[in-house]
Amino acid sequence: MSSANALFVHHNDTLTYRFNDDHPFNQNRLKLTGDLLTQIGALRQEQIVLPRTAADEDLLHIHQPKYIEAVKALSEAEPAADWTRLAELFGLNTEETPYFAQMHEAAAAIVGGSLTAADAVMSGRCLHALHLGGGLHHALSGRAAGFCIYNDASIAIAHIRKRYGARVLYIDTDVHHGDGVQWSFYTDPDVCTYSIHETGKYLFPGTGFVHERGESDGYGTCFNIPLEPFTEDESWMQCFRETVVRVTSVFRPDVIVSQHGCDAHAYDPLSHQHCSMRIYAEMPAIIHELAHRFCGGRWIALGGGGYDIWRVVPRAWSLLWLEMNDDPLLRAIKENPLTPLPRPWLERWQQKTSLPLPATWLDDLTEWEAIPRRTEICNRNLRTIEIAMQDIP
Ligand SMILES: [Zn+2]
Ligand SMILES: [Zn+2]
């Protein structure tokens, strides 16, 4: 597949999606990633697409009119007291997701990016499209949650259903359960949602258990793989590979929409997983293969969580783009995990953080200690996937 088949959707307006200075959601990660890809010559100008903005009509695919009205009103520099009193009702005054000036514009720009990526693929303009600004999978129809205001993933999927009538498989690899997208399509048999994550017993949003299987006509088109805390690469990949391939073979989608939160990495401050960069090279490869095998290549990839913006996100998301382009550098990295990152990039960004940046594309696992309860964790995860897949041939 030639590299012209992948497009990179980006608008600088998505950088204005910003709660406050101390908030873990930090869009500088998009700059770090873009700079790394440019440095290695993997992102060409003609691959970059400026997205359209989302109209209210788009947002209404998923969100309630009253909620959109609240988001707009609370986006004012000084919102009216009538609205600030109601902020709690719409989930917009929590520590995680506080309202901020221009939040509607920033959140709508993100939705526009995911819609543009969806149209680029569905219209046949390209086979694969990446929108790293997207993947805000926790937003609910009438409520903000977990750093997410508008659910660009759900809106893009609803748009694909409406305009193209395609069957959509949503694959969510963020460490948090993709709850918002799951609930959006819980009764829809033409959208299958699959999420692999740390179990909701210990992590936000507290859902995503194996027994959540969809409802009414949608029963059997929802899959959850909740893994134990401190899961490592081997077990995470075994669980992902075995389940996602079976789900895709049975559901037979026309297009895959994937969410690539990279917060299951051991360095991530918000979860308790112990995975390395290896899973962020291997998971996209599996999704890519499935997109070609079942969907004629149609694949829309979105960003998501990722709170170690220095050591994890730029490498993980660059690996995803390399995969989408069949970039030869990826083969070199898989043959030699300690392939060095480009020195100018390291020098530029090391000045801006006190965290020592890793010097290589994948992690040097000889420096990592094994998790003492490894066998028990692996066995529990295997039992989980057995239950999650029990109705699948
Ligand atoms: Zn491809
Ligand atoms: Zn997350």
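Colleague: A crossing is left-handed if the near helix is turned anticlockwise from the far one by less than a right angle, and right-handed if clockwise. With that settled, which hand does the crossing of α8 and α13 have?

Modeller: The model is a predicted one, and in it α8 passes α13 in a right-handed crossing. The axes of α8 (residues 233-251) and α13 (residues 374-388) come within 10 Å and cross at roughly 15°.

Colleague: Are those two helices roughly parallel or roughly antiparallel?

Modeller: Angles under 35 degrees count as roughly parallel, and α8 and α13 are therefore roughly parallel to each other.

Colleague: Which residues make that contact?

Modeller: From α8 the contact uses Ser235, Gln238, Cys239, Glu242 and Thr243, and from α13 it uses Cys378, Asn381, Leu382 and Ile385.

Colleague: What about proline 253, where does that residue lie?

Modeller: Proline 253 is in the loop between α8 and β7 (255-259). Buried means under 20% relative accessible area, so proline 253, at 2%, counts as buried.

Colleague: Which residues is proline 253 in contact with, leaving aside its neighbours within four places in sequence?

Modeller: Those contacts are Arg167, Val168, Leu169, Thr248, Phe294 and Cys295.

Colleague: Turning to the metals, what coordinates the zinc ion that is ligand 1?

Modeller: His128, His288 and His292 coordinate the zinc ion (ligand 1), each through NE2, at 2.1 to 2.2 Å. Along the sequence, the donor residues are spaced H-x159-H-x3-H. Histidine 128 belongs to strand β3 (residues 128-131) and histidine 292 to helix α9, so this pair ties together parts that are 164 residues apart in sequence.

Colleague: Is histidine 128 buried or exposed? And how does histidine 292 count?

Modeller: Histidine 128 is buried, with a relative accessible area of 0%. Histidine 292, at 29%, is partly exposed.

Colleague: Which donors does the protein supply to the other zinc ion, ligand 2?

Modeller: The zinc ion (ligand 2) has Asp174 (OD), His176 (ND1) and Asp263 (OD) as its protein donors, 1.9 to 2.1 Å away. Their spacing along the chain is D-x1-H-x86-D. Aspartate 174 and histidine 176 are both buried.

Colleague: Back to α9, then. How are the axes of α9 and α10 placed?

Modeller: The axes of α9 (residues 278-295) and α10 come within 9 Å, with a crossing angle of roughly 30°. The two helices are therefore roughly parallel to each other, and α9 passes α10 in a right-handed crossing.

Colleague: Which α9 residues meet α10?

Modeller: Tyr280, Ala281, Pro284, Ala285 and His288 of α9 meet Ala316, Leu319, Leu320, Glu323 and Met324 of α10. His288 is also one of the residues that coordinate the zinc ion (ligand 1).

Colleague: One more helix: what do the buried residues of α1 pack against?

Modeller: They pack against β1 (6-9), α10 (313-324) and α12 (343-350). The buried residues of α1 are Arg29, Leu30, Leu32, Thr33, Gly34, Asp35, Leu36 and Leu37.

Colleague: What span should α1 have, and what distance separates its end C-alpha atoms?

Modeller: At 1.5 Å a residue, the twelve residues of α1 (residues 28-39) should span 16 Å, and the end C-alpha atoms are 16 Å apart, which agrees. Just after α1, glycine 41 has a positive phi of about 70°.

Definitions and conventions. Residues are numbered from 1 along each chain as its sequence is written. Chains are lettered from A and ligands numbered from 1 in the order in which they are written. This is a predicted model: local features need pLDDT of at least 70, side-chain atom pairs count only at pLDDT 80 or more; totals for chains, interfaces and linings use all residues. Side-chain values use heavy atoms; hydrogens and water are left out. Helices (H or I, at least four residues) and strands (E, at least two) are DSSP runs, numbered from the N terminus. The expected span of a helix is 1.5 Å times one less than its number of residues. Buried means under 20% relative accessible area, exposed over 50%, partly exposed in between (1.4 Å probe, protein chains only). Contact means heavy atoms within 4.5 Å. Donors are N, O and S atoms within 2.8 Å of the metal (3.2 Å for Na, K and Ca); water is not among the atoms, so sites may look incomplete. Axes are lines fitted to C-alpha atoms, for helices over the stretch in contact, and angles run from 0 to 180 degrees between N-to-C directions. Angles under 35 degrees count as roughly parallel, over 145 as roughly antiparallel, 65 to 115 as roughly perpendicular and the rest as oblique.
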